[in-house]
Amino acid sequence: NEGIPFPGMTPEKVRTLIPKIKGNFNFRVGSMYREGSGGPQSFQNAAVYFAKGAELKDFKCLTELGTLYMRGQGVRKDYTRALALYEEAKVAEKHPKDTD
């Protein structure tokens, strides 16, 4: 199995992990921008990365993007949009993508 990036896993199984990996990446980068960790703080950039993760139905990205809309940080304050994102996050949390 040397040289195989995911030993013991089929290509189909690896493909099922990609959305979760991308969602987690977008959450981490968005969080760094939100906190100003490793560079200047930018709520606008945080919103961009959380939105990318939200498109993948990532629970954490949906929640964080909702919070930015609720507070008007980096995006126009929009309680309706925030509530919709929180509702979507609730569904994503109850029905996470199969990663096993």
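## Charges over aromatic rings

In this predicted model, Lys52 lies over the face of Tyr49, at 4.9 Å from the ring centre, where a charge sits over a ring if NZ of Lys or CZ of Arg is within 6 Å of the ring centre and within 35 degrees of the ring normal. Arg81 likewise lies over the face of Tyr69, at 5.8 Å from the ring centre.

The model is predicted, with local features needing pLDDT of at least 70 and side-chain atom pairs counting only at pLDDT 80 or more, while totals for chains, interfaces and linings use all residues. Residues are numbered from 1 along each chain as its sequence is written, and side-chain values use heavy atoms, with hydrogens and water left out.

## Aromatic pairs

A pair of aromatic rings is described by the distance of the centres and the angle of the planes. A search of the whole structure finds 2 aromatic pairs, the rings of Phe, Tyr and Trp (its six-membered ring) being paired if their centres lie within 6.5 Å, with planes under 30 degrees apart counted as stacked, over 60 as edge-to-face and the rest as tilted. The rings of Phe27 and Phe50 have centres 6.2 Å apart and planes at 35°, so this pair is tilted. Because Phe27 lies in helix α1 (residues 11–35) and Phe50 in helix α2, the pair ties together parts that are 23 residues apart in sequence; helices here are DSSP runs (H or I, at least four residues), numbered from the N terminus. Phe27 counts as buried at 17% relative accessibility, and Phe50 counts as buried at 0%, where buried means under 20% relative accessible area, exposed over 50%, and partly exposed in between (1.4 Å probe, protein chains only).

Tyr33 and Tyr49 form an aromatic pair that is stacked, with 5.9 Å from centre to centre and 20° between the planes. This pair links distant parts of the chain, since Tyr33 is in helix α1 and Tyr49 in helix α2, 16 residues apart. Tyr33 counts as partly exposed at 29% relative accessibility, and Tyr49 is partly exposed with a relative accessible area of 21%.

## Packing of α2 and α3

Helices α2 and α3 pack at an angle of about 140°, with their axes 8 Å apart; axes are lines fitted to C-alpha atoms, for helices over the stretch in contact, and angles run from 0 to 180 degrees between N-to-C directions. The two helices are therefore oblique to each other, given that angles under 35 degrees count as roughly parallel, over 145 as roughly antiparallel, 65 to 115 as roughly perpendicular and the rest as oblique. On the side of α2, the residues making the contact include Tyr49 and Phe50, and on the side of α3 they include Cys61, Leu62 and Leu65, contact meaning heavy atoms within 4.5 Å.

Lys57 is placed in the loop between α2 (43–55) and α3 (59–71), and has a positive phi of about 65° although it is not a glycine. With a relative accessible area of 43%, Lys57 is partly exposed. Ser42 is found in the loop between α1 and α2 and counts as buried at 15% relative accessibility. Leaving aside residues up to four places away in sequence, Ser42 touches Tyr33 and Arg34.

Ala84 lies in helix α4 (residues 79–94) and is partly exposed, with a relative accessible area of 38%. The C-alpha atoms of Ala84 and Leu62 are separated by 9.4 Å, the two residues being 22 residues apart along the chain.
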